[in-house]
Amino acid sequence: MQLRLYIILLAIGSLALYACSTTKHIPEGERLYVEGDVQLQMDSNVNAERKALFEEHLEELLMPKPNKKLFGVRWKLMFWNAAGGYDTTNSNFFKRFLRKRGEEPVLLSDVNREYNENLLRNRMENLGFFNAEVNSDTTYNGKFGKIIYTGIPGKIYRIDTVIYEIDPNSNLGRDILKDKDKSLLKKGSNYNLDVILNERDRIDNELKNKGYYFFNPDNILVEVDSTIGNHKVNMYITIKPETTPEAKEPQKIGNIYIYPNYTLTSQGYNRRPNTDMLDLFDDNYYFIDRQNTFRKKVIANHIFFKRGQLYNRGDHNRTINHLVNLNAFKFVKNSFEPSPDEPNTLDVYYHLTPLPKKSLRLELLAKTASVYNGSEANVTWSLRNAFRGAETVTLNVFGGYETQTGGNINLNSSYYRYGAELGITWPRLLSPYNWAPTRRFIPKTYLKFGYEFLNRRSAYVLNSSSLKYGYVWKENDQKQHDLTLAEIIYVQPRNISEAYKAQMDTVPTLKRIVDPQFSFGPNYTFTFTNTMDESLKHTFYFKGGTNLSGNVLGLLQGANYDDNQKKLFGTVYSQFVKIEADGRHYMKLGRYSQLASRIMLGMSYSYGNSRSLPYLKQFYSGGPNGLRAFRARAVGPGSALPENLGKDNFFADQTGDYKLELNTEYRARLVNMGFGVLNWAAFIDAGNIWLQNTEEDKAGGKLSKDFLTELAVGAGAGLRFDLTFLILRTDFAIPLRLPYYPKGERWVIKNIDFGSSSWRRDNLIFNLAIGYPF
């Protein structure tokens with residue numbers, strides 16, 4: 001009781017100290033500006049939520065902004081005060097550091113009320129409230145002050161008639177009137193300046209796709225007549241008289257000049273090259289590349305213009321996107337110049353500066369945990385445009401180690417590993433069939449060879465080899481396909497220690513890790529997402545795929561796990577069908593808040609030559625991106641009790657043939673820190689894994705009709721530091737339900753005791769990760 005009283009008094013004292021410190025250096029007669037509050041007087045039939053959003057929108061326009069707050073604390077102002085405030089005479093390094101990261105107090109006298117009133121009035125007029133009124137008043141609370149802006153929007157004006165005053169006999173007039181049904185300006189809609197500007201952009205975009213290269217939105221004039229009465233307006237759309245003649249005529253494509261190996265000179269980009277430098281390809285493209293750096297057909301396949309066609313923005317943007325996404329050029333410069341030989345014709349220039357032919361990248365990673373320490377290194381060598389077709393060859397060599405520095409020694413802990421992966425990527429589909437899913441995006445063909453040597457020094461050695469060959473292509477902005485025609489994985493164990501073999505008799509799960517593994521077959525993955533569309537309240541992400549191994553060969557050979565296991569190249573191969581699905585839903589709750597939810601399903605069926613999935617293909621749960629209240633691979637299968645090897649030596653390597661995981665997370669912004677954004681989240685996770693067949697050492701691990709009663713549940717909260725270039729995530733989570741407890745006792749909410757150090761040690765899980773969990 002005394003401790004709690006002490007904490008309460010300390011908190012009250014800290015708050016009082018903070019209240020004093022924020023106004024410590026406020027000049028005499030001044031007050032700290034803490035808030036600008038907009039209050040609208042609108043009709044009673046206006047939805048309260050819409051009114052609140054309108055007020056919030058207007059408040060964001062007010063200037064200046066009060067000092068930034070975090071958890072109600074003006075932390076940047078505190079830094080500034082701690083640095084001495086306005087007094088800089090006794091400044092040392094620490095005070096200069098604080099001052100640089102702090103901010104001066106925003107004073108009430110800094111606020112120009114008349115300016116803000118006009119700002120709010122102008123914004124409401126732009127939204128159709130032509131007779132809006134705004135006035136303001138100041139309220140005081142000690143050394144703090146805020147300003148209340150009272151707005152009376154009045155009745156909104158609506159569109160009555162849209163009239164096009166454009167010559168229908170001109171090329172420009174016909175092309176504008178042809179698409180007037182697509183207009184954003186609709187009879188009965190609210191007047192809105194933003195919509196008018198968007199309508200000008202829409203007309204410009206339509207014209208750009210019909211050849212009007214020199215036209216721009218400023219050539220369009222929208223006049224508004226608000227005197228017709230009944231709170232309605234007429235709109236008159238016309239072309240400004242100062243619009244140039246060339247902007248009124250569509251432009252054709254003339255000569256197309258391509259510099260695939262261009263170096264920028266001090267004179268800028270070259271125009272009209274000498275005729276002896278030109279090399280015509282396919283009667284459309286002039287190449288200037290004496291060193292023959294790229295094969296001409298490869299570059300020409302990514303140019304969507306042809307001589308004589310009308311200019312259009314779609315082909316313009318697609319060409320630039322393709323050239324950039326070839327990942328072969330450092331700079332892509334495109335320009336259009338009026339042709340000196342033909343009227344209303346554009347000559348096109350592409351100045352392409354290649355990336356360095358070779359590059360080398362080194363990555364170092366240090367890892368530390370409570371009783372584990374280690375490091376990894378990755379060296380990646382890249383060869384671009386390897387065969388003059390924008391191909392990329394990469395060689396990645398890696399190595400690392402981890403050692404146990406505390407606790408009881410675990411046979412499956414300390415290790416070192418090294419390996420390499422050689423990959424080749426072609427920016428096209430290498431296929432005997434003339435298959436082109438879309439020309440909008442660049443499809444890719446990949447071939448990868450990999451090898452890894454893993455030595456768990458007191459347990460075993462694994463040699464792993466892999467080969468992958470397949471295609472990746474995008475159907476549109478939202479859909480992507482990845483088809484691996486062949487994936488071969490071969491894992492061969494050796495040097496299994498006697499101590500490890502002895503443990504295998506006690507924990508059969510350990511044997512699965514060192515079983516020879518050989519799988520081969522195709523994979524397919526489909527991805528859909530519309531999360532990039534910020535205008536939607538509900539967005540979705542879905543990734544699903546299937547993985548097959550040994551299906552046809554096993555059927556032909558009549559493979560059977562019990563009495564007729566078959567081998568290929570002297571090794572038993574796996575036979576299975578594996579299906580995975582990851583669905584996510586994001587719902588906006590406000591400008592800086594959302595509810596994110598995910599469901600993950602994993603199913604498999606092993607047959608013929610196999611009784612279960614090979615170890616490398618099995619599902620697991622837990623960890624910083626899954627069930628955050630449980631360590632990775634520490635959940636399940638089913639209601640099976642987790643294994644312990646020796647006293648207090650937990651063996652976290654639980655895997656299974658089925659998986660279900662459910663996650664929901666509320667995310668919201670705390671504060672804009674200037675150098676990044678600090679968000680927070682509260683979450684709840686549930687899930688588990690299960691086995692296809694019964695295993696003696698995993699009682700309760702097989703999937704049954706009661707699988708929902710075997711879900712592990714955890715909850716927690718955390719902070720997300722969005723630094724633009726990366727997101728640093730911290731989560732604290734606790735288990736709420738343990739599936740391996742007896743039925744009726746699995747919910748452990750009643751056992752929560754944050755005051756107990758032993759409970760915190762056993763139950764409070766801290767996760768530090770990069771990026772969002774989903």
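Predicted model: local features only at pLDDT ≥ 70, side-chain atom pairs only at ≥ 80, totals over all residues.

Colleague: Is Tyr 607 buried or exposed?

Modeller: Tyr 607 has 19% relative accessibility, so it counts as buried.

Colleague: How many aromatic pairs are there?

Modeller: The count comes to 29 aromatic pairs. In one of them, the rings of Trp 80 and Tyr 86 have centres 4.7 Å apart and planes at 85°, so this pair is edge-to-face; the class needs planes over 60 degrees apart. Trp 80 is buried at 3% relative accessibility, while Tyr 86 is partly exposed at 40%. For Tyr 605 and Tyr 607, the ring centres lie 5.6 Å apart with planes at 10°, so the pair is stacked. Ring pairs also join Tyr 213, Phe 214, Phe 305, Tyr 311 and Phe 336 into a cluster.

Colleague: Which ring does the charged end of Lys 448 sit over?

Modeller: That of Tyr 446, at 5.5 Å from the ring centre. Arg 667 likewise lies over the face of Phe 774, 5.2 Å from the ring centre.

Colleague: What volume does the second largest pocket have?

Modeller: About 1200 Å³. Of its 35 lining residues, Glu 49, Arg 50, Lys 51, Leu 53 and Phe 54 are the closest to the centre. Helix 2 gives the largest share of the lining, 7 residues, and strand 23 (576-590) supplies at least two. By type, the lining divides into 12 nonpolar, 10 polar and 13 charged residues.

Note on methods. Residues numbered from 1 in each chain as written. Heavy atoms only, no water. 1 Å grid on protein atoms, 1.4 Å probe; cavity = no way out; pocket = protein on both sides within 12 Å on 5 of 7 lines; lining within 4 Å. Points joined across faces, edges and corners; volume = space filled by probe spheres on them. Helix = DSSP H or I, 4+ residues; strand = E, 2+ residues; numbered from the N terminus. Nonpolar A, V, L, I, M, F, W, Y, C, P; charged D, E, K, R; others polar. Phe/Tyr/Trp six-rings, centres within 6.5 Å; stacked < 30°, edge-to-face > 60°. Buried < 20%, exposed > 50% of the residue type's maximum accessible area, 1.4 Å probe, protein only. Lys NZ or Arg CZ within 6 Å of the ring centre and 35° of its normal.
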